[in-house]
Amino acid sequence: MFTNKSSEGRNNRCGEMIELRRKEMGISQRQLADMLQVAGLDIDKNAIQRIAAGKRFVTDIELVYFSKVLNLSYETLLNDFKD
């Protein structure tokens, strides 16, 4: 049977890396949402929280904004955090 979740049941591969980078930068989830909004992505703190927890899918458009704001490549964002 086909599933679009990771083996751990997460809805995205980038949430853990986004959360790690956010903490490295010393910013809150709200601050990250604000930075993304300034860059042009309509997203709020609750969406950031759900992405970090793996409960929300991330679109390719959102991935572009995360990459820009967090100064990380797409490949880095998409690599398995635990590998």
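Leu-78 sits in helix 5, which covers residues 74-78. Keep in mind as you look around that this is a predicted model.

- Leu-78 has a relative accessible area of 36%, so it counts as partly exposed.

**Salt bridges in helix 1**
- The model has four salt bridges in total.
- One of them joins Glu-19 to Arg-22, with their closest N and O atoms 2.6 Å apart.
- Glu-19 and Arg-22 are three residues apart in helix 1 (residues 15-25), so about one helical turn separates them.
- Both ends of this pair are tucked away: Glu-19 is buried at 15% relative accessible area, and Arg-22 is buried at 9%.
- Lys-23 joins in too, as Glu-19, Arg-22 and Lys-23 are linked in a network of salt bridges.
- Arg-21 pairs with Glu-24, and here the closest N and O atoms are 3.5 Å apart.
- Arg-21 and Glu-24 are also both in helix 1, three residues apart, or about one turn.
- Glu-24 is exposed, with 54% relative accessibility.

**A salt bridge elsewhere in the chain**
- Glu-62 forms a salt bridge with Arg-56, the closest N and O atoms lying 2.7 Å apart.

**Helix 3, from start to finish**
- At the start of helix 3, Asp-44 reaches in with a side-chain oxygen, which comes to within 3.2 Å of the backbone nitrogen of Asn-46.
- Helix 3 spans residues 45-52, and its residues Ala-47, Ile-48, Ile-51 and Ala-52 are buried.
- Look down the axis of helix 3 and you'll see those buried residues fall within an arc of 135°, so they line one face of the helix.
- What do the buried residues of helix 3 pack against? They pack against helix 1, helix 2 (29-39) and helix 4 (60-70).
- After helix 3 comes Gly-54, which has a positive phi near 80°.

How values were computed. Residues are numbered from 1 along each chain as its sequence is written. This is a predicted model: local features need pLDDT of at least 70, side-chain atom pairs count only at pLDDT 80 or more; totals for chains, interfaces and linings use all residues. Side-chain values use heavy atoms; hydrogens and water are left out. A salt bridge is a side-chain nitrogen of Lys or Arg within 4 Å of a carboxyl oxygen of Asp or Glu. Helices (H or I, at least four residues) and strands (E, at least two) are DSSP runs, numbered from the N terminus. Buried means under 20% relative accessible area, exposed over 50%, partly exposed in between (1.4 Å probe, protein chains only). The arc is that of the directions from the helix axis to the C-beta atoms. Contact means heavy atoms within 4.5 Å. A polar contact is a pair of N or O atoms within 3.5 Å; within protein, one must be able to donate a hydrogen and the other to accept it, and residues adjacent in sequence count only if both atoms are side-chain atoms.
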